[in-house]
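Please walk through this protein from its overall fold down to single residues. The text below takes the contacts, the sheet, the core, the ligand shell and a few loop positions in turn.

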Amino acid sequence: MKFGSNIISNKYLKQTRELYGDDLYLDFGSKLDNKISNDNHFDNNYKLNLELFNKQINDCQKCSLGSSRLNFVFGVGDANASLLLVGEAPGEKEDLEGEPFVGRAGKLLDKILSAIDRSRDKDVYICNVLKCRPPKNRDPLPTEVKECEPYLLHQINLIKPKLIVALGRVAGMTLLNVDNSLKSMRGQIHDYNGTKLIVTYHPAALLRNPNWKPEAWKDFKWIRSIID
Ligand code: SF4
């Protein structure tokens with residue numbers, strides 16, 4: 001089975017089956033049809049439509065974060081983006097507004113994107129591994145990642161980015177399933193289920209430590225050279 005030209009990895013197939021069960025995995029469209037039977041707003045490409053996927057999962061209660069969140073934070077940006085930015089989980093402001101990377105860190109990220117001639121609406125999609133805020137912004141638990149990561153995998157299969165950038169050590173460790181320092185993960189191209197992945201600083205870390213900005217800028221110039 002293929003989405004466009006990308007052969008779906010075994011891990012993705014396994015996780016999709018866990019998410020939807022065999023019947024939906026084999027007949028994704030008919031279940032979506034049920035979900036949207038009263039909604040004629042969408043075009044015939046609904047099987048590949050991020051908005052509909054959002055509608056399908058935004059009442060998720062698969063882990064305990066579903067009951068404590070204020071808002072489900074699916075993601076924002078260009079559905080055909082070359083660059084997918086992934087953080088670990090929504091913070092307080094993101095939970096309030098339902099959008100990833102808002103507030104001061106989000107504004108800094110917007111400036112960085114502008115410097116590589118992009119924006120959150122232009123060739124960039126932004127989301128998190130977890131779609132709901134962990135209490136007091138603690139790190140995601142492995143059980144939460146196990147439940148939520150299949151959603152990210154499905155987003156990636158819809159967007160088909162050239163490059164995934166993990167923002168911050170926790171996002172990098174979570175996606176790469178390692179317990180490493182940011183330093184050891186930076187500066188190399190990793191593989192995430194068949195898509196190139198690199199790890200760089202979280203913009204909130206750059207606000208706390210402006211001395212890291214030149215290194216982050218080096219990373220984003222490299223990112224630009226990969227996706228251009
Ligand atoms: S964090 Fe993910 S798995 Fe847990 S309730 Fe939210 S959307 Fe569902």
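Of the contacts in the protein chain with a separation of 6 or more, 70% are between residues 24 or more positions apart; two residues are in contact if their C-beta atoms, placed from the backbone, lie within 7 Å. This is a predicted model, in which local features need pLDDT of at least 70 and side-chain atom pairs count only at pLDDT 80 or more, while totals for chains, interfaces and linings use all residues. Residues are numbered from 1 along each chain as its sequence is written.

The protein chain has 11 helices and eight strands. Helices (H or I, at least four residues) and strands (E, at least two) are DSSP runs, numbered from the N terminus. Buried residues make up 35% of the 228 residues in the chain. A residue is called buried if 20 or more other C-beta atoms lie within 10 Å of its own, exposed if 12 or fewer do, and partly exposed in between, with C-beta atoms placed from the backbone.

Six strands form an open sheet with mixed pairing, in the order S3-S5-S4-S6-S8-S7. Two strands pair if DSSP finds at least two bridges between them. Strand S3 (76-77) and strand S7 (190-192) stand at the edges with a single partner strand each, so one side of each has no neighbour in the sheet. S7 and S8 form a hairpin with two residues between them, and asparagine 193 in the turn has a positive phi of about 50°. Tyrosine 192 has threonine 195 in S8 as its bridge partner, and aspartate 191 is bridged to lysine 196 in S8. S8 also pairs with S6, here in the parallel sense and over five bridges. Leucine 167 stands opposite threonine 200 in S8.

Helix H8 (residues 169-176) packs on the sheet, where it touches strand S4 (83-87), strand S6 (163-167), S7 and S8. The direction of H8 makes about 130° with that of S6; axes are lines fitted to C-alpha atoms, for helices over the stretch in contact, and angles run from 0 to 180 degrees between N-to-C directions. Why is H8 largely enclosed by the rest of the structure? Six of its eight residues are buried. These are Arg169, Ala171, Gly172, Met173, Thr174 and Leu175. They pack against S4, H7, S6, H9, S7 and S8.

In soluble globular proteins, nonpolar side chains tend to be buried together. A nonpolar core is a set of buried Ala, Val, Leu, Ile, Met, Phe, Trp, Tyr and Cys residues joined through C-beta atoms within 7 Å. The largest one here has 41 residues, of which Leu84, Val86, Val165 and Ala166 touch the most other members. S4, H6, S5, H7, S6, H8 and S8 each supply at least two residues of this core, and the largest share, six residues, comes from H7. Leaving aside residues up to four places away in sequence, valine 165 touches Leu83, Leu85, Ile198, Thr200 and Ile223.

The ligand is surrounded by Cys60, Gln61, Lys62, Cys63, Leu65, Gly66, Leu130, Lys131, Cys132, Glu144, Glu147 and Cys148. A residue is near a molecule if its C-beta atom, placed from the backbone, lies within 6 Å of it. Helix H4 (65-68) and helix H7 (142-159) are the elements that give two or more residues to this shell, and H7 gives the largest share, three residues. The shell divides into six nonpolar, two polar and four charged residues. Ala, Val, Leu, Ile, Met, Phe, Trp, Tyr, Cys and Pro count as nonpolar, Asp, Glu, Lys and Arg as charged, and the others, Gly among them, as polar.

H8 is followed by asparagine 177, whose phi is positive, near 60°. Asparagine 177 lies in the loop between H8 and helix H9 (182-185), and with 10 C-beta neighbours inside 10 Å it counts as exposed. Aspartate 117, although not a glycine, has a positive phi of about 60°. Aspartate 117 is found in the loop between helix H6 (103-115) and strand S5 (124-128). Asparagine 49 is in the loop between helix H2 (28-35) and helix H3 (50-57).
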